[in-house]
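Thanks for making the time this morning.

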Amino acid sequence: MTQTAPSPVHPVQQRYGDPSTEVPAQWNPVLQVLHDHKSVRRYLPDPVSPETIRLLVSAAQSAASSSNLQVWSVIEVRDPARKARLAEVAGGQEHIVQAPVLLVWTADFARLRQLADDHGAPLDGADYLESSYVGFVDAALAAQNAVIAAESLGLGTVYIGALRNDPERVAAELHLPEHVFAVFGLVVGHPDPAEGTRVKPRLPQAAVLHQETYDLPGQRESVAAYEERIGEIYSEQGLPFSWTERVLARLASRASLNGRDRLRESLAARGFRLR
């Protein structure tokens with residue numbers, strides 16, 4: 001008789017979709033929230049209060065910031081018509097309209113440039129790629145803090161990278177001044193339990209954790225094992241593609257970037273010179 005493999009029971013085992021994963025000796029509520037993360041794409045109409053959003057932003061501002069420059073800002077979008085227009089930019093993602101709040105995270109150098117102008121100080125260093133890179137990284141660190149905070153409160157989230165499909169349209173919609181660039185959106189709301197999403201397994205640690213030096217050939221076996229494991233999830237969700245097919249299709253050509261091949265041009269248009 002064929003025996004069915006045991007299902008993962010510990011959150012770490014669920015994260016890898018592998019019941020043989022070692023159960024950690026240490027555990028706490030923060031680790032639980034982190035390992036329970038899943039993207040939510042169906043939301044209830046229940047509102048999210050302004051006070052809750054302020055708390056999420058407070059958590060975001062508690063993230064690390066390179067040299068304490070704090071070169072990011074976030075725009076809270078609640079207006080249904082505006083959310084609908086931004087959803088169009090993002091390829092018609094219905095959850096943007098469905099959820100009560102869309103947070104648009106930006107790399108923001110307008111604030112420091114205004115500060116420099118007020119003090120008659122030069123700011124030539126802001127024109128270099130390194131500075132822009134810091135803005136993107138800081139925005140991502142802040143947003144991820146907000147995600148963890150939201151999920152700890154029972155809320156659901158999903159990132160919207162597709163706002164970069166048309167940065168100029170997003171900038172016009174949000175009245176972004178020069179030197180402010182929309183990096184991504186973040187939908188926030190109450191998950192619809194009918195969606196039935198589950199924790200999506202990630203690549204085995206053997207594929208991403210290297211000891212002392214990087215080992216590329218040694219990843220093949222782990223990636224192959226992941227392909228089989230994640231394939232079961234895709235099958236449950238009615239998705240036709242394997243992980244390998246999905247990631248290769250996503251980066252197959254300029255067209256597969258859905259307009260984001262213009263990113264350097266769009267950044268330059270927003271005042272990011274990238275020297």
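Contact here means heavy atoms within 4.5 Å, and helices (H or I, at least four residues) and strands (E, at least two) are DSSP runs, numbered from the N terminus. This is a predicted model, in which local features need pLDDT of at least 70 and side-chain atom pairs count only at pLDDT 80 or more, whereas totals for chains, interfaces and linings use all residues. Residues are numbered from 1 along each chain as its sequence is written, and side-chain values use heavy atoms, with hydrogens and water left out.

In helix α8, residues 167-174, the buried residues are P167, V170, A171, E173 and L174, where buried means under 20% relative accessible area, with a 1.4 Å probe and protein chains only. They lie on the same side of α8, because the arc they cover around the axis is only 165 degrees, taken from the directions from the helix axis to the C-beta atoms. These buried residues pack against β1 (72-77), α4 (80-89), β2 (101-108), β4 (180-189) and α12 (263-269).

With α4, the packing angle is about 170 degrees and the axes are 10 Å apart, the axes being lines fitted to C-alpha atoms over the stretch in contact, and the angles running from 0 to 180 degrees between N-to-C directions. The two helices, α4 and α8, are therefore roughly antiparallel, the word used for angles over 145 degrees.

As for the strands, 4 of the 5 residues of β3 (156-160) are buried. β3 pairs with β4 in the antiparallel sense over 5 bridges, pairing requiring at least two bridges found by DSSP, and T157 has V188 in β4 as its bridge partner.

Terms used. Buried < 20%, exposed > 50% of the residue type's maximum accessible area, 1.4 Å probe, protein only. Parallel < 35°, antiparallel > 145°, perpendicular 65-115°, else oblique.
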